[in-house]
Amino acid sequence: MPRKFDADRLVIASHNQGKAREIAECLAPFGIALTSAADLGLGEPEETGATFRDNARIKAVAAAWLSRLPALADDSGLAVAALDGAPGIHSARWAGPERDFGAAMDRVEQALSGKTDRRASFICALALCWPAGADSAQAKGHCEIFEGRVDGHLVWPPRGDHGFGYDPMFVPGGHEVTFGEMEPARKNAISHRADALRRLVDACFRKD
Ligand code: IMP
């Protein structure tokens, strides 16, 4: 049985404002006070995991440990079929230290040159972690992890200035516009993050 969330405060363990905004929009109906890792001055741990789930867990555990509060972390990225799932867990790193997503999208497009398969998916792992007892520095706390995805295809040139990251080149299945062209509420209804959040809310937030 997943552990139920019964606190009234939650740390969003992300320094990515786009992610933090979307998580806050999706959790708004639950009336929980949200604090960001940046507001608390928490550092960012190194993402040494091999999967989205591992990295989400690393970030949530670190934030819960440092803040002594429950923490929710998101690790997500773009997986391109013809690139064997790249950039995947390296999606942020493809944008370089400047976090230049224009350059990251160029890099994806160049890697795809000559290929006709333009299928891609966004994947999101969310880890909700409760801090361990205050006296146990070794304990890692308890984590629940949920994964969501949205399948679609990539277009070029990028279109739209909503959202963040690779949104302007991603068209979700069944749609003709990119995430970058969608109003936030429309993206939030179908995105990988919304999918993962729905699973998390169903398991940990809804009262039976
Ligand atoms: P990380 O989870 O901090 O390693 O970074 C994930 C990266 O994946 C972000 O910096 C974005 O580049 C990309 N990404 C994740 N979710 C989205 C999304 O909803 N739209 C566009 N790009 C995303």
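Hi everyone, let me start with the surface: the accessible surface of this protein comes to about 10,300 Å², and carbon and sulfur atoms hold 50% of it. Those areas come from the Shrake-Rupley method with a 1.4 Å probe, and for residues, only the protein chains shown count as cover.

Before I go on, please keep in mind that this is a predicted model, where local features need pLDDT of at least 70, side-chain atom pairs count only at pLDDT 80 or more, and totals for chains, interfaces and linings use all residues. Residues are numbered from 1 along each chain as its sequence is written, and side-chain values use heavy atoms, with hydrogens and water left out.

Now, the overall fold. The protein has five helices and six strands, and from the N terminus on they run β-α-β-α-β-α-β-β-β-α-α. The radius of gyration is 17 Å, close to the 17 Å that the globule rule gives for 208 residues, so the protein is as compact as a globular protein of that length. Helices here are DSSP runs of H or I with at least four residues, strands are E runs of at least two, and both are numbered from the N terminus. The radius is taken over C-alpha atoms, and the globule rule is 2.2 Å times the number of residues to the power 0.38. Along the principal axes, the C-alpha atoms fill a box of roughly 55 × 35 × 30 Å.

How much of the protein is buried? Buried residues make up 47% of the 208. By buried I mean under 20% relative accessible area, by exposed over 50%, and by partly exposed in between, with a 1.4 Å probe and protein chains only. As for contacts, meaning heavy atoms within 4.5 Å, 63% of those with a separation of 6 or more are between residues 24 or more positions apart.

A quick word on charge. There are 25 positive and 29 negative side chains, and the centres of the two sets lie 3 Å apart. Lys and Arg count as positive and Asp and Glu as negative, while His and the chain ends are not counted; each charge is placed at NZ of Lys, CZ of Arg, CG of Asp or CD of Glu.

The expected span is 1.5 Å times one less than the number of residues. Among the buried residues of α2 are Phe-52, Lys-59, Val-61 and Ser-67. What covers the buried residues of α2 includes β1 (9–12), α1 (17–27), β3 (71–80), β4 (119–130) and β5 (142–154). Just after α2, Arg-68 takes a positive phi of about 60°.

The other helix is α5, residues 192–205. Its 14 residues should span 20 Å, and the end C-alpha atoms are 19 Å apart, which agrees. Mostly covered, α5 has 11 of its 14 residues buried, including His-192, Arg-193, Asp-195 and Phe-205. The cover over those buried residues includes β1, α1, β3, β4, β5 and α4 (184–190).

Which residues does Ala-203 touch, not counting those up to four places away in sequence? They are Pro-2, Lys-4 and Phe-146. Ala-203 lies in helix α5 and counts as buried at 15% relative accessibility. Ala-203 and Glu-144 are 59 residues apart in sequence and 9.1 Å apart in space, C-alpha to C-alpha.

Last stop, the loops. Most residues other than glycine have a negative phi, and most peptide bonds are trans. In the loop between β3 and α3 (101–111) we find Pro-87, joined to Ala-86 by a cis peptide bond with omega about -5°. That loop also holds Asp-84, with a positive phi near 55°, and Asp-84 is exposed at 77% relative accessibility.

Beyond its neighbours within four places in sequence, Ala-81 is in contact with Asp-117, Arg-119 and Ala-120. Its C-alpha is 8.0 Å from that of Ser-121, 40 residues apart along the chain.

Finally, a cis peptide bond joins Trp-156 and Pro-157, with omega about 0°, and Pro-157 is in the loop between β5 and β6 (170–172).
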